[in-house]
Amino acid sequence: MVGIVIVSHSQKLAEGVMELAQMTAANVPIAAAGGLENGALGTSYDKIKNAVESIYTADGVIVLADIGSAVMTAEMVLEDMERDNVKLIDCPLIEGAVVAAIESIGGRTLNEIIEKLETV
Amino acid sequence: MIDAKKIIEIVDAAAKKIDAEKDFLTQLDNEIGDGDHGINLSRGFKSVEEKLATFADKDIGAILKGVGTALVSTVGGASGPLYGTAFMKAGNVCKGKFTLTDEEIATAFNAAVEGVKMRGKSAEGEKTMLDSLCPAYRAFQGGVDGGKNLVQALEDAVNAAAQGVEYTKTIIATKGRAAYLQERSLGHQDPGATSSLYILQAALDVLKKG
Ligand SMILES: Nc1ncnc2c1ncn2[C@@H]1O[C@H](COP(=O)(O)OP(=O)(O)O)[C@@H](O)[C@H]1O
Ligand SMILES: [Mg+2]
């Protein structure tokens, strides 16, 4: 199954989006990377990296981010990982997460899910 | 001409300058952002300072890359990936070098500025750090090409950056958090443009001491 990582400035928001996605796709591999190590608002390179690694499989991982530094930091994590089956997708965060989770549970491939997300 | 030891001194001076100006940078970000730029950067540069000792025998490329990595990992705001990319890209063009000619410094400066543009998907005139970095780079390159010495060229760069900071007061933000404020961002100077000026000033202060 394709994994999903939610990157947000806020730990609460990242976890909330994860919860929503799991509501319709309970067993989807999903991880939240929200806020800084100390819980403050912001984005943490290490949290994003660890989140991706925690659910990574050969099926790939889709990364969704909220705004500004979350997007830029996620980009840097992905560049350093050099894995072409880990993709940052630009789409509305909550709807994107819900759609990606349902599609992943449905057994879609990484590219099929990305195509779907482009219409979200 | 500059050597690795001087680069470390400059990084150290930049860290101290950012820490000294932390409250002012945060206040600027309070006006048009989320009030954390000084906090973010001083946290980042503190972690850079903690790594400084491990840079002692490294080449300039490795030092700059180390600075960039530390900033990306610890800043937490947009300025983290932006300055992080800037230092890493500059490091890329200084790989294996223990000294840089003035031309090579200009090349590294250019790589840093291009890195910010790439990472931020941004350009000059959007009320960001690029409004001090871009004119500063042009002034520096112009100085080097025109046969000025390093201190003179950097002095020109600092003056251009300072003018760039003033210019940010006159424009509306179209990138970064301040862009959400639209015309309400007018009249305020950009925090990132200001911190870029401080970093360049720190470099100039070190080089002036000889
Ligand atoms: N896309 C961008 N391109 C260039 N610089 C940017 C961009 N977004 C933000 N900045 C710079 O970052 C500064 C804000 O940094 P900081 O407060 O640390 O980040 P955040 O906005 O995430 O809180 C701004 O003042 C601006 O100079
Ligand atoms: Mg801020």
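## Two chains and a ligand

Along its sequence, chain A runs in the pattern β-α-β-α-β-α-β-α-α. That gives chain A 5 helices and 4 strands. Helices (H or I, at least four residues) and strands (E, at least two) are DSSP runs, numbered from the N terminus.

This is a predicted model, in which local features need pLDDT of at least 70, side-chain atom pairs count only at pLDDT 80 or more, and totals for chains, interfaces and linings use all residues. Residues are numbered from 1 along each chain as its sequence is written, chains are lettered from A and ligands numbered from 1 in the order in which they are written, and side-chain values use heavy atoms, with hydrogens and water left out.

How does chain A fill space? Its C-alpha atoms occupy a box of roughly 35 × 30 × 25 Å along the principal axes.

Now turn to chain B. It has 9 helices and 2 strands. Their order is β-α-α-α-α-α-β-α-α-α-α. The radius of gyration of chain B is 16 Å, close to the 17 Å from the globule rule for 210 residues, so chain B is as compact as a globular protein of that length. The C-alpha trace of chain B spans about 45 × 40 × 30 Å along its principal axes.

Next comes ligand 1. Which residues come nearest to it? Of the 20 residues around ligand 1, they are B:Ala78, B:Ser79, B:Ser122, B:Met129 and B:Asp190. A residue counts as near if one of its heavy atoms lies within 4 Å. By class, this shell holds 5 nonpolar, 9 polar and 6 charged residues. Ala, Val, Leu, Ile, Met, Phe, Trp, Tyr, Cys and Pro count as nonpolar, Asp, Glu, Lys and Arg as charged, and the others, Gly among them, as polar.

Look at the polar side chains. A polar side-chain atom of B:Ser122 lies 2.6 Å from a nitrogen atom of ligand 1. B:Asn40 has a polar side-chain atom 3.0 Å from an oxygen atom of ligand 1. For B:Asp36, a side-chain N or O atom is 3.0 Å from an oxygen atom of ligand 1. A polar contact here is a pair of N or O atoms within 3.5 Å.

Technical notes. Polar contact = N/O pair within 3.5 Å; in protein donor to acceptor, adjacent residues only side chain to side chain. Rg over C-alpha atoms; globule rule 2.2 N^0.38 Å.
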